[in-house]
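Please open the model in your viewer and keep the selection panel handy. We will go from stop to stop, with a note at each on what to select and what is there.

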Amino acid sequence: VTAVDPKRRVVQLDNGEEIAYDYLVAATGARHSYFGHGEWEAHAPGLKSLEDALEIRRRFLMAFETAEKIEDSEERRALLTFVLVGGGPTGVELAGVMQEIARAMRGDFRRIDTPATRVILLEGGPRVLPSFPESLSARAHQDLIDLGVEVRTGALVTGVEPGVVWVGDERIATRTVFWAAGNEASRVGRSLGSRHRRAGRVQVDAGLSVP
């Protein structure tokens with residue numbers, strides 16, 4: 001679905017087809033927000049679907065396989081450096097799981113030391129899990145540190161390029177970046193004829209209908 005025409009009461013599809021409706025339930029969800037930098041998406045995929053999860057797993061595991069065969073120590077270091085952008089629930093959980101998996105793979109490779117893997121979590125705000133109470137945020141922060149995750153708050157990403165993440169003027173060499181920094185409502189909602197709030201959320205009435 002690419003758009004809705006509420007005056008004509010049809011749903012428009014990307015193949016040009018239109019489907020008429022009597023009642024419409026719009027539940028198209030959310031997508032990643034790159035804050036005006038859509039070009040970053042190719043280098044920093046997010047997690048919103050099963051396909052996304054499989055791609056993240058593939059990139060994560062292939063980084064170790066490639067590092068095992070690399071002679072150049074700097075390139076190997078970059079391959080074993082994983083950067084996650086965004087300290088919300090998705091970023092925090094991914095960071096912790098990746099560090100745990102890296103530790104669990106100790107001894108699975110001959111030339112690389114998987115527990116030495118760097119997992120860096122970048123959060124632009126003052127704390128991780130900003131929507132949670134401060135006590136839980138502080139606990140999560142410490143748990144990540146105990147797992148070996150490098151947690152950096154107040155770290156705004158200013159650029160994502162092939163092999164590099166920029167935080168201001170700081171250059172972080174990495175071959176694997178994952179995005180968990182923001183969401184925006186599905187663009188289909190913009191065609192419903194209602195006002196929009198922050199991040200493209202559609203304004204609805206008390207019954208969740210479009211006014």
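Start by selecting residues 50-69 and 89-104, which are helix α1 and helix α3. They pack at an angle of about 35 degrees, and their axes are 12 Å apart. Axes here are lines fitted to C-alpha atoms, for helices over the stretch in contact, with angles running from 0 to 180 degrees between N-to-C directions. Helices (H or I, at least four residues) and strands (E, at least two) are DSSP runs numbered from the N terminus. The crossing of α1 and α3 is right-handed; that is the term if the near helix is turned clockwise from the far one by less than a right angle, and left-handed is the term if anticlockwise.

Now show side chains: I56, F60 and F64 of α1 make the contact with L94, M98, I101 and A102 of α3. Contact means heavy atoms within 4.5 Å. By class, this contact has seven nonpolar residues, no polar and no charged ones. Nonpolar covers Ala, Val, Leu, Ile, Met, Phe, Trp, Tyr, Cys and Pro; charged covers Asp, Glu, Lys and Arg; the others, Gly among them, are polar.

A word on the source: this is a predicted model, in which local features need pLDDT of at least 70 and side-chain atom pairs count only at pLDDT 80 or more, while totals for chains, interfaces and linings use all residues. Residues are numbered from 1 along each chain as its sequence is written, and side-chain values use heavy atoms, with hydrogens and water left out.

On the α3 side, pick V92, A95, G96, Q99, E100 and R103, which meet L144, D146 and L147 in α4. This contact divides into four nonpolar, two polar and three charged residues.

Next, the strands. β1, β2 and β3 form an open sheet in the order β1-β2-β3, with antiparallel pairing. Strands pair if DSSP finds at least two bridges between them. β1 (3-5) and β3 (18-20) are at the edges with a single partner strand each, so one side of each has no neighbour in the sheet. Neighbouring strands are turned by 25 degrees against each other on average, direction ignored. Three bridges link β1 with β2 (residues 10-12), and D5 stands opposite V10 in β2.

Move on to β5 (residues 81-85), which runs parallel to β6 and is joined to it by five bridges. Look for F82 opposite V119 in β6. Is β6 (residues 118-123) mostly covered or mostly open? Mostly covered: five of its six residues are buried (under 20% relative accessible area; exposed is over 50%, partly exposed in between, with a 1.4 Å probe and protein chains only).

Then select the open antiparallel sheet β8-β9-β10. Here neighbouring strands are turned by 20 degrees on average, direction ignored. Three bridges join β8 to β9 (residues 164-167), where V160 stands opposite V165.

Last stop: A199, in the segment after β12 (183-185). At 31% relative accessibility, A199 is partly exposed. Its C-alpha atom is 4.7 Å from that of E184, 15 residues away along the chain. Not counting residues up to four places away in sequence, A199 touches N183, E184 and A185.
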